[in-house]
Amino acid sequence: MRESDFFDEKDVRKPTRLTCPFCGRTFQYEVRWRQRLKKKRLPGGASSEDRRRFGKAQSYLVRIDDKVGCQYVGCRRRFEIASFQTVVFLSDSDHGPDRTREQPTRSRPRRNPNRNHR
Ligand SMILES: [Zn+2]
């Protein structure tokens, strides 16, 4: 099972203020990111190894755009989005209002005090 099976993938745009190093002008750019939201449950056919990896998986964003074109008409040069992170991990609260937080299941049975009595 590939890592991409664990996530719902979607491209998003985040408005970001960037300053062109050539002309020094700052504009807001729509920087593209690939959003990978962890699925609520594993697809069928998952092995125990898949389940372990899925348990550790975390929703995140990866930046797609490395460069943007300057929006200033007199410049229009492309520059790198250098001082800006390329991967952002998302906390559960970023998943949107439709995500219901699953209650942890009580998989461990309560200890029976009479269990060791014979
Ligand atoms: Zn510029």
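**Note on the predicted model**

1. Confidence. The chain averages a pLDDT of 82, and 75% of the residues score at least 70. pLDDT is the predictor's confidence in each residue, on a scale from 0 to 100. Over residues 94-108 the pLDDT is below 50. Beyond near neighbours in sequence, this stretch has 3 contacts in the model. A contact here needs the C-beta atoms of two residues, placed from the backbone, to lie within 7 Å.

2. Ground rules. This is a predicted model: local features need pLDDT of at least 70, side-chain atom pairs count only at pLDDT 80 or more, and totals for chains, interfaces and linings use all residues. Residue numbers start from 1 along each chain as its sequence is written.

3. Elements. The chain holds 1 helix and 6 strands. From the N terminus on, the order is β-β-α-β-β-β-β. Both kinds of element are DSSP runs, numbered from the N terminus: helices are H or I with at least four residues, strands are E with at least two.

4. The sheet. An open sheet of 4 strands runs in the order E1-E2-E3-E6, with antiparallel pairing. Strand E1 (7-19) and strand E6 (87-89) are its edges, and each pairs on one side only. Neighbouring strands of this sheet are turned by 25° against each other on average, direction ignored. The axes are lines fitted to C-alpha atoms, and angles run from 0 to 180 degrees between N-to-C directions. Two strands pair if DSSP finds at least two bridges between them. Strands of a sheet pair through backbone hydrogen bonds, either parallel or antiparallel.

5. The E1-E2 hairpin. E1 pairs with strand E2 (residues 26-38) in the antiparallel sense, over 13 bridges. Glu9 stands opposite Arg36 in E2. The hairpin leaves 6 residues between the two strands. Gly24, in the turn, has a positive phi of about 75°.

6. Burial. Of the 118 residues of the chain, 6% count as buried. Buried means 20 or more other C-beta atoms within 10 Å of the residue's own; exposed means 12 or fewer, and partly exposed lies in between, with C-beta atoms placed from the backbone. In E1 the number buried is 1 of 13 residues, so E1 lies largely in the open.

7. Contact range. Take contacts in the chain between residues at least 6 apart in sequence: 58% join residues at least 24 apart.

8. Arg76. This residue has a positive phi of about 60°, although it is not a glycine. Arg76 sits in the loop between strand E4 (67-69) and strand E5 (78-80). Arg76 is exposed, with 12 other C-beta atoms within 10 Å.
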